[in-house]
Amino acid sequence: MTATSSGTFTPMPGAAPLPRQVLAQAGMEARLMLRNGEQLLLAVVIPAIVLVGGVKGADRIGLDFSHPPVDVITPGVLALAIMSTAFTSLAIATGFERRYGVIKRLGTSPLSRTGLLAGKVGALLLIEVLQVAVISGVGLALGWEPDVNAVGVVLAIVFGTAAFAALGLALAGSLRAEATLAAANLVYLLLLAGGAVVLPTSAYGDFGEFARWLPSGALGNAMRDALTDAVVGWRELAVLTGWAVAGAALTARTFKWE
Amino acid sequence: MPVTPAVSVDGLVMRYGDKVAVDRLSLTVEQHTITAVLGPNGAGKTTTLETCEGYRRPHEGTVRVLGLDPVRQRKELNPRIGVMLQGGGAWSGVRAMEMLRHLAKLHAHPLDVDMLAERVGLGDCGRTPYRRLSGGQQQRLGLALALVGRPEVVFVDEPTAGMDPQVRRTTWELLEELRADGVTVVLTTHYMDEAERLADQIHIIDHGRLVASGTPLELIRGGTVTTIRLVVTRPFPPGAPDSLRAALGTETVVAQLDDVSLLVTGPADASTLAKVSRWCEEQGVLPESLALGQRNLEDVFLELTGRELTP
């Protein structure tokens, strides 16, 4: 550098330490998601309604579980909430970030692609903590008496987030923003209805054998294993790992930054 | 010790399908200058800039910014450059100052964001969500985002498009202050006055090719060349430009501007003027005015490319 002046704009370039960048990115993305009404509906309100409706309805139509309905449905709704955030919200947000040039803008900032990805995962985990708190609160109010394996819960959340985030990014990186919005919501509804996420695979009869291989069924079962029987659902975690690897490979091949 | 150029582009070729957008382009940007890449829409300015910014990989040729490969060495290079995009680049719901603060956090020694917002004229819209900012306000935020990390080189793509004249002048002063403080500014523009006022060096691009480089003065003067604008009372007979050119000699260029006016570019000395009047007499046309003038960049561009820069 030959500049001798020390004006306002005299160059002094440098990247912030990576952890600070990731934290800033995670905080920003979480804030923007929570500021968005639809996202909040998807993250907290719909799962809470499903939980209350599910527990009341199960009593009426007499679904036969090995445990009280609230003990089975609350873990399922936690899984649903994870799915809505890691898949639907992430896909929609990322789709519009591509559309608005946010990813392009960040592409010339010091934030690396790894940093961006870490920031997104951080934002998801922040929101998931909030979701778990709210939904557990509603569950406990409805008389939920969980039998907790904390390691199992954390692993289910982490592996479920990885699987659904990888799939959500694959979707957002290849379709236009509007198409991503439509597809992400459609897939969410289909998995909510038939994906064995809220209700155990055993409630689906023969279809349950298929549903347990879906990421939704695997995440739902992993949460139920950890919160009703206090065990780690290793088989389910393996299924989620498979989906995460497949989604990540697809994302790496197809993701367009613009 | 030779100073590394801020940007060096060597034999760059960029294609979109069959269409060649940039055609063996070579140019250099020296450090601590304002350098303008001038050309009409679709000339390949943005494509060239985006290759420097690491958004595109050169199809042929090489691009270096501060001696670094913008794609392979982006981790090293990115903190040292600032980029102002032509539009967009922010979440629709993010507030202007929030976006600026966010970019600041990604850098080690960012500028004071309140001072910067004040300088670019964002003062009163700091809490406005991005989607509600006017086009000009979005431009100003874009400029602030490019500067906040205290870069060595800033790339600004059409920086004043959509700005009102007052803000435009403030922006020019800001870019001049950047140069004074030791920042290299690379800007694309299709405004002549912007390039003429700001740039130390101008590269004129057309159809993806470099057609001329130089300081504004070099380009305008081009040696002793000046212009004679000849306006007559009645339309010229057909073939008038060729006939005048034959009368004046091969050093001149004659362009027909409309039915009654011709632009002669060449050595506008007494002998040329005498020849022009004699030619008028021979052709039986009566000059209404005969104006001598310096070329401006607009004329230079017209000569080099055969078309107007701004439609």
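Predicted model: local features only at pLDDT ≥ 70, side-chain atom pairs only at ≥ 80, totals over all residues.
Residues are numbered from 1 along each chain as its sequence is written, and chains are lettered from A and ligands numbered from 1 in the order in which they are written. Local features need pLDDT of at least 70 and side-chain atom pairs count only at pLDDT 80 or more, while totals for chains, interfaces and linings use all residues.

Chain B is divided into domain 1 (7-217) and domain 2 (223-294), with bounds from an automatic or database domain assignment. The C-alpha centres of these two domains of chain B lie 41 Å apart.

Helices (H or I, at least four residues) and strands (E, at least two) are DSSP runs, numbered from the N terminus. Three strands of chain B form an open sheet in the order β2-β1-β4, with antiparallel pairing; strands pair if DSSP finds at least two bridges between them. Strands β2 (19-29) and β4 (60-65) of chain B are at the edges, each with a single partner strand, so one side of each is left without a neighbour in the sheet. Strand β1 (residues 7-16) of chain B is joined to β4(B) by five bridges, and S8(B) stands opposite R64(B) in β4(B).

Helix α3 (residues 96-105) and helix α5 (residues 135-147) of chain B pack at about 15 degrees, with their axes 9 Å apart; axes are lines fitted to C-alpha atoms, for helices over the stretch in contact, and angles run from 0 to 180 degrees between N-to-C directions. That makes α3(B) roughly parallel to α5(B), a term for angles under 35 degrees.

Technical notes
Parallel < 35°, antiparallel > 145°, perpendicular 65-115°, else oblique.
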